[in-house]
Amino acid sequence: MNIKSHFSFTKKQRSGIFLLLILILLVQCGYFFIDFSSESFDDNSQDIAEFREEMNTLRIAKLEASKPVIFPFNPNYITDFKGYSLGMSNDEIDRLHAFRETNKWVNTAKDFQKVTKISDSLLAKISPYFKFPDWVTNPKPKAKYTSSYSNTSKPKTFAQKQDLNTASAAQLKRVYGIGEKLSERIVAYRTKYGDFIADVQLQEVYGLSPKVIESVLNDFTVKTAKPIIKININDATIAQLVTIKYIDYEIAQNIIEQRTLREGFKSFDELTKVKDFPVKKSEIIRLYLTID
């Protein structure tokens, strides 16, 4: 086999091979010495960075929008769910509920922390949303108080007092501690339930503290109570008992069971011993009951 014949080239072939080698050499030199970077690539990098920044901004805005909105609220009526959403623990919520069951009110953020024992950081977070009644946040200055219904050293007699069922909101507003909203609530309650039956029903008007109720009763009392048919607790059926405010089916059933065991109730004090009986509302319930 003649290997030499494979490496024999004509003059034109040698020129072509030489030219090819020169081209390869030029390409290699260009690869090492020519900068192929361009301004367009830098511009694209900047655009990408701006795009990422914009996406981060939108993502943060979306997260902020998804957070629950807290509206102003009265901290005296925080439910379990509301307390959880605010970040309160079970013990803190239970302390508030136990305090409210004593018929007391939280009137300041400081009082709220004292009752619930929440941390300073949580108080600072939620206290800006506390909304208390106007008579708490904007009490009337005592020095400027003038009223024809103001307390005197000598209590008014029954005849001197005005009928609570005919008093207007303007007349009630003259009592120290009662503003426009509270006077309107008293009238609204009276309208809703068809006049007051007894003075004790003022306790059911939201926002009236015991001290304010005392001030009202210094000048007003129920004189024209509507007649009501009282139910004999020793003869009442479950259907009759559940018509009385604050007595549901379960409490009515417990009353019947206790009545049977006692062979009839002898006094209203015995009624308060019934399981789940709303003792704090006993004065209201007694308005509709009699014992024979």
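Guide: Ala, Val, Leu, Ile, Met, Phe, Trp, Tyr, Cys and Pro count as nonpolar, Asp, Glu, Lys and Arg as charged, and the others as polar. The model here is predicted.

Visitor: By class, what does the lining of the second largest pocket have?

Guide: The second largest pocket has a volume of about 520 Å³. Its lining is made by 20 residues. By class, that lining has three polar, seven charged and 10 nonpolar residues.

Visitor: Which residues lie nearest the centre of the second largest pocket?

Guide: Helices α9 (180-192) and α10 (210-217) each supply at least two lining residues. Nearest the centre of the second largest pocket lie Asn 103, Trp 105, Gln 203, Glu 204 and Lys 281.

Visitor: Are α4 and α5 roughly parallel or roughly perpendicular to each other?

Guide: The axes of α4 (residues 90-100) and α5 (residues 109-116) come within 8 Å. They cross at roughly 110°. Angles of 65 to 115 degrees count as roughly perpendicular. Therefore α4 and α5 are roughly perpendicular.

Visitor: Which residues in α5 does α4 meet?

Guide: From α4 come Glu 92, Arg 95, Leu 96 and Phe 99. By class, the contact of α4 with α5 has four nonpolar, one polar and two charged residues.

Visitor: Is Gly 264 buried or exposed?

Guide: Gly 264 sits in the loop between α12 (249-262) and α13 (268-271). Buried means under 20% relative accessible area. Gly 264 has 12%, so Gly 264 is buried.

Visitor: What separates the C-alpha atoms of Gly 264 and Asn 234?

Guide: Leaving aside neighbours within four places in sequence, Gly 264 is in contact with Asn 234, Arg 259 and Glu 270. Gly 264 and Asn 234 are 30 residues apart along the chain. Their C-alpha atoms are separated by 5.6 Å.

Key:
Residues are numbered from 1 along each chain as its sequence is written. This is a predicted model: local features need pLDDT of at least 70, side-chain atom pairs count only at pLDDT 80 or more; totals for chains, interfaces and linings use all residues. Side-chain values use heavy atoms; hydrogens and water are left out. Axes are lines fitted to C-alpha atoms, for helices over the stretch in contact, and angles run from 0 to 180 degrees between N-to-C directions. Helices (H or I, at least four residues) and strands (E, at least two) are DSSP runs, numbered from the N terminus. Angles under 35 degrees count as roughly parallel, over 145 as roughly antiparallel, 65 to 115 as roughly perpendicular and the rest as oblique. Contact means heavy atoms within 4.5 Å. On a 1 Å grid over the protein atoms alone, a cavity is a set of points where a 1.4 Å probe fits but cannot get out, and a pocket is an open set with protein on both sides within 12 Å along at least five of seven lines; lining residues have an atom within 4 Å of a point. Grid points are joined across faces, edges and corners, and a volume is the space filled by probe spheres set on the points. Buried means under 20% relative accessible area, exposed over 50%, partly exposed in between (1.4 Å probe, protein chains only).
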